[in-house]
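Take a first walk through this structure. Keep the sequence and the 3D view side by side as you read.

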Amino acid sequence: MRVKVGIVATIVILSLTVLPSAHAESTVEIIMEKTTYSYCEKLFYTIKVSEVTGNPAIIHIRDDTGKGSSAIPFPITDLENPVPSRVAFEKEIFPLGKYFIDVEYSEAQTTAEFTLIDSGKVCIPETVKPIMANWLSGNISDGFLIDAFEKFTEDLELFKIPFDVNETTVYDVRIPEWVKNVGYWWLEGAISDDDLVNAINNLIERNIISLEQETGNEI
């Protein structure tokens, strides 16, 4: 009888040492898609956790000076949770250098880092995309589209527009209907920002996109 009791006691002790604790602390990890990004690219990483607790992860992104974003709650619904950025890095917003991603989840914390460089790629601000979509839908005129190109990329000097678009001439700009295909390709990601800039500048240079002001009849 004592032998049996001793065996049972041994099994219980072994079970306690082998089985994981029910109260193990949660862990969190950041898996970076890559550690070097350039302007025009979008940040992408994955938050990996040891368990799904129902709580969101809290994300902060900061630069090497300590300046950072406000707290960003992100829902954790799986053990691995992709975090894609909606907007690309732009020169007007993000200075070059090193950045840090801080993630806190169920009292666990982790940090990852990446570096932002300037590869010389042409980058059209994201604000132009809804304007392009409105032009394709016929909600704004040709002139408003060209005016948006000029205003939102003025510091970048991407588009070479030889005529002045103002409140008087905004309805006199003419873009052929078939050019809308280029706009659709750009929005769908079939062509790059650089391709769009080259296409528009080429069409302006060839006078296919032009300012056609009416002139009075001479007497």
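Two strands pair if DSSP finds at least two bridges between them. Strands here are DSSP runs of E with at least two residues, helices are runs of H or I with at least four residues, and both are numbered from the N terminus.

A word on the model itself. This is a predicted model: local features need pLDDT of at least 70, side-chain atom pairs count only at pLDDT 80 or more, and totals for chains, interfaces and linings use all residues. Residues are numbered from 1 along each chain as its sequence is written, and side-chain values use heavy atoms, with hydrogens and water left out.

The angles used here run from 0 to 180 degrees between N-to-C directions, and axes are lines fitted to C-alpha atoms, for helices over the stretch in contact.

Ile31 stands opposite Thr46 in strand 3. Thr46 belongs to strand 3, which covers residues 44-49. Is Thr46 buried or exposed? Its relative accessibility is 13%, so Thr46 counts as buried. Buried means under 20% relative accessible area, exposed means over 50%, and partly exposed lies in between (1.4 Å probe, protein chains only). Leaving aside neighbours within four places in sequence, Thr46 is in contact with Glu29, Ile30, Ile31, Glu80, Asn81, Pro82 and Val83. Contact means heavy atoms within 4.5 Å.

Glu29 sits in strand 1 (residues 28-32). Glu29 is partly exposed, at a relative accessible area of 40%. With neighbours within four places in sequence set aside, the contacts of Glu29 are Thr46, Ile47, Lys48 and Thr110. Ser50 is 21 residues from Glu29 along the chain, and their C-alpha atoms are separated by 8.8 Å.

Find Ile61, then its bridge partner Ile101 in strand 7.

Follow the chain on from strand 7. The loop between strand 7 and strand 8 (108-117) holds Ser106. Glu107 is in the loop between strand 7 and strand 8 as well. Most residues other than glycine have a negative phi. Phi of Ser106, however, is near 50 degrees, a positive value. For Glu107, phi is near 75 degrees, also positive. Ser106 counts as partly exposed, at 23% relative accessibility. Glu107 counts as exposed, at 79%.

Next come the helices. Helix 2 (residues 128-136) packs with helix 3 (residues 142-152) at an angle of about 170 degrees, and their axes are 10 Å apart. That makes the two helices roughly antiparallel. Which residues meet? Val128, Ile131, Met132 and Trp135 in helix 2 meet Asp142, Leu145, Ala148, Phe149 and Phe152 in helix 3.

Finally, step back to the whole chain. The secondary structure comes to 5 helices and 10 strands. Of the 219 residues, 35% are buried. Among contacts with a separation of 6 or more, 67% join residues 24 or more positions apart.

Definitions and conventions:
Angles under 35 degrees count as roughly parallel, over 145 as roughly antiparallel, 65 to 115 as roughly perpendicular and the rest as oblique.
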